[in-house]
Amino acid sequence: MNGYGGKILRVNLSTGKIAKEQTPVDVARDFIGGRGFGAYYLYKEVPQGADPLGPENKLIISSGPMSGLMVPGAGKCDFTTKSPLTGGYASASMGGHFTAEIKYAGLDSIILEGISSKPVYLFIDNDRVELRDASEFWGQGTIAVEKQFKEKFGEEFQIAVIGPGGENVVPYACINHDFGRQAGRGGVGAVMGAKKVKAIVIHGTKSITVSDSQAYRNAGKALFKACKDASFLEEWTRYGTTVVTSWCDEVGALPTRNFSAGSFEDGKNLYGPVMREKIVITDKGCFGCPSPCGKYSRSKKYGSYVEGPEYETIGLLGSNLGISDIEAVAQANLLADDAGIDTISAGNAIGWAMECYEKGIFTKDDTDGLELKFGNIEATFELIGKISRKEGFGALLAEGVKKASQKIGKGTEKFAIHVKGMEQSAYATHNATAMLLAYMTCDVGAHHNRSWAITYDLQVGRDLVVPEKVARVIWLQNFRPMFDVLGGCRLQWVELGIDRNLYIAALDAITGIHRDWDDYEKVGDRIWNLTRMFWARENDGFSRSWDMPAPRFYEDAPESGATKGQITKIEDVHRLLDMYYEQRGWSNDGLPTSEKLAELNLSELVA
Amino acid sequence: MTATIKTSSGLKSYLDGKDEFEVEAGRSVLETLISLNIKPELIALVIVAGEQRSKDYVIQEKDVVKVMAIIGGG
């Protein structure tokens, strides 16, 4: 197939069997690649009720038809599994250069099955695929291990690696790559750790065939030219995702002290220009990126280097913890990356613990002697390590805020900020109804990247609850994740404003099959419904209550900042869901109807 | 007395497909955005001659003022 590596690699860790099979044409037609392949194989092959950390669960790692080719940002890799954090669907997208090597090794997906009896790493050099002993690397941080592999095999090899957090199966452990890129959310690193796979080391030199090489070159050049000519290329590249920090503070979306407010009185110290001046030393991009948003930083205070921090980390390990020192945030970022835990979930867990402490629910007797007041930088550093080792008080926080708050009780569930067990990323949603709905209905839990609707809230009226907002959320959910399906980055489209039809010309030339965006959005809808069915299959009683947001956003108005005194009324939360289910073609309990499944050609798969 | 406002392409759908406007100098960026029906709270960054400015910056003659909206998020 044009645009594809052509093979699915299966690695059974229990038996050591390594096998390849042809990438199925019909699966490529209906699910395209990347996140679509992940959703398909997860639903089809992971048996109902599988333990996320057991041998029956699988970790499905997929590139897409765009990956590794001359398309801006063609460096996205999808990691799909049954989440140990939520018990539902997990799909984490990772930038960098890993996905290109999957394609160059002649592959589309790598499926890890079973559990190894000892630590191993998966070595792939074109057709040479081996499981090798990783005992000497077990216990080490991600950065040291990646460095050793680079020295051992050469710079051309790309590495995905877990840290102690993954080894200790912290349910929000991540997978690291390229010294600072992550498949961050949902515990994909814990699944890799449970399988005793420390790393995947990959390199390939194979060609990827395209259908029309001249049209492909022309379309690729047009895309890169559009990026180069974009009005805000320079500004976007200068600040990357940190361009939103000041804006979020201004509009009341910056998570502050465990989402109790959306503006931070010391937020100015965390803004993009401050970070650029104080710690950034260069920009860092992923494969084929003309607008590198990654910032490589140096902290003089801590004597360390880190890729980041990105906005999400600034929000969760900065303002959400009452920390206003950008160097401290960068250091916390480094510690979390090296330990291999998700900065978003970790920032939520620590923020929840700090609020418990300030409310008197925890004392030093509970926290291993740590004075967990908001703003305590050293305690934050300490807790990141404790979480990754599941040590002492860190073992509680390692469970995630849903389970930790259920264990502690005393009303702490009210300020555990999550949906479906996944901690909320860095947008406070006290009064932004489209963004709140986007979090409530996101396919992995409270994550922002499927549907980033907060500007739509501001444009049309942030507290409005109208069908148009719901339609916008659904359109974004169907469309934006298609970049994760295609194996590329959405940021050139969303931030540089590249005409999305330019991608169609490239994709048509690559695959030789004409598809327009309506067709791709239909695939997005199909994947969305399939993963919804996965949630329902794996969780007894899965229904509307699972889509409820953290009570903080409908009960607990901020006492300061841009959203002072503002919440979303509970009746509006339910109205949002009513409209959402109706527009999705789902039942009043939030389940896809048989008619909807038939419309999407999913009836047979989910039967 | 004229200057130019350039907006993010992502705002085009809110601005009848336009992303560049001739405006009068002598008013603040904030006032000018409102006059163009651009919601000021959508704007994350104001750049004039490569320098970041606040929305209170008073636009000078022949300025090219770039106003960057946040459209996509992470």
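Student: Among contacts in chain A between residues at least 6 apart in sequence, what share joins residues at least 24 apart?
Tutor: That share is 72% for chain A. Keep in mind that this is a predicted model.

Student: OK, and how many helices and strands does chain A have?
Tutor: Chain A has 27 helices and 17 strands. Its radius of gyration is 22 Å, close to the 25 Å from the globule rule for 607 residues, so chain A is as compact as a globular protein of that length.

Student: What box do the C-alpha atoms of chain A fill?
Tutor: Roughly 60 × 55 × 50 Å, along the principal axes. Buried residues account for 64% of the 607 residues in chain A.

Student: Let's do sheets. What's the strand order in the open sheet of six strands in chain A?
Tutor: The order is 8-7-12-9-10-11, and the pairing is mixed. At the edges you find strand 8 (128-133) and strand 11 (181-183) of chain A, each pairing on one side only. On average, neighbouring strands of this sheet are turned by 20° against each other, direction ignored.

Student: Zoom in on strand 7 and strand 12 of chain A. Do they run parallel or antiparallel?
Tutor: Parallel: six bridges join strand 7 (residues 120-125) to strand 12 (residues 197-203) of chain A.

Student: And which residue stands opposite Leu122(A)?
Tutor: That's Ile200(A), in strand 12 of chain A.

Student: What about the open sheet of three strands in chain A, what order does that one have?
Tutor: That one goes 13-14-15, with antiparallel pairing. Strand 13 (280-284) and strand 15 (304-307) of chain A each have a single partner strand, so one side of each is left without a neighbour in the sheet. The twist from one strand to the next averages 20°.

Student: How many bridges are there between strand 14 and strand 15 of chain A?
Tutor: Four, with strand 14 covering residues 294-299 of chain A. If you want a residue pair to look at, Ser299(A) has Ser304(A) in strand 15 of chain A as its bridge partner.

Student: Which helix lies across strand 14 and strand 15 of chain A?
Tutor: Helix 12 (residues 326-339) of chain A does, running at about 75° to strand 15 of chain A.

Student: Why does Ile527(A) count as buried?
Tutor: Because Ile527(A) has 32 C-beta neighbours inside 10 Å, and the cut-off for buried is 20 or more.

Student: Which residues is Ile527(A) in contact with, leaving aside its neighbours within four places in sequence?
Tutor: Phe31(A), Arg35(A), Gly36(A), Ala39(A) and Val485(A).

Student: What does the C-alpha trace of chain B span?
Tutor: About 35 × 25 × 20 Å along its principal axes. As for burial, 38% of the 74 residues of chain B count as buried. Of the contacts in chain B with a separation of 6 or more, 58% come from residues 24 or more positions apart.

Student: Where is confidence lowest and where is it highest in chain B?
Tutor: Lowest in strand 4 (residues 51-53) of chain B, with a mean of 88, and highest in helix 1 (residues 29-35) of chain B, at 94. The average pLDDT of chain B is 88, and 93% of the residues score at least 70.

Student: What are the ipTM and pTM scores for the model?
Tutor: The ipTM is 0.89 and the pTM is 0.97.

Student: Last topic, the contact between the chains. How many residues does it take from chain A and from chain B?
Tutor: 25 residues from chain A and 19 residues from chain B. Helix 9 (244-251), helix 11 (311-317), helix 18 (454-460) and helix 21 (491-494) of chain A each supply at least two residues of the side of chain A that touches chain B.

Student: What's on that side of chain A by class?
Tutor: The side of chain A that touches chain B has 13 nonpolar, eight polar and four charged residues.

Note on methods:
Residues are numbered from 1 along each chain as its sequence is written. Chains are lettered from A and ligands numbered from 1 in the order in which they are written. This is a predicted model: local features need pLDDT of at least 70, side-chain atom pairs count only at pLDDT 80 or more; totals for chains, interfaces and linings use all residues. The radius of gyration is taken over C-alpha atoms; the globule rule is 2.2 Å times the number of residues to the power 0.38. A residue is buried if 20 or more other C-beta atoms lie within 10 Å of its own, exposed if 12 or fewer, and partly exposed in between; C-beta atoms are placed from the backbone. Two residues are in contact if their C-beta atoms, placed from the backbone, lie within 7 Å. Ala, Val, Leu, Ile, Met, Phe, Trp, Tyr, Cys and Pro count as nonpolar, Asp, Glu, Lys and Arg as charged, and the others, Gly among them, as polar. Two strands pair if DSSP finds at least two bridges between them. Axes are lines fitted to C-alpha atoms, for helices over the stretch in contact, and angles run from 0 to 180 degrees between N-to-C directions. pLDDT is the predictor's confidence in each residue, from 0 to 100.
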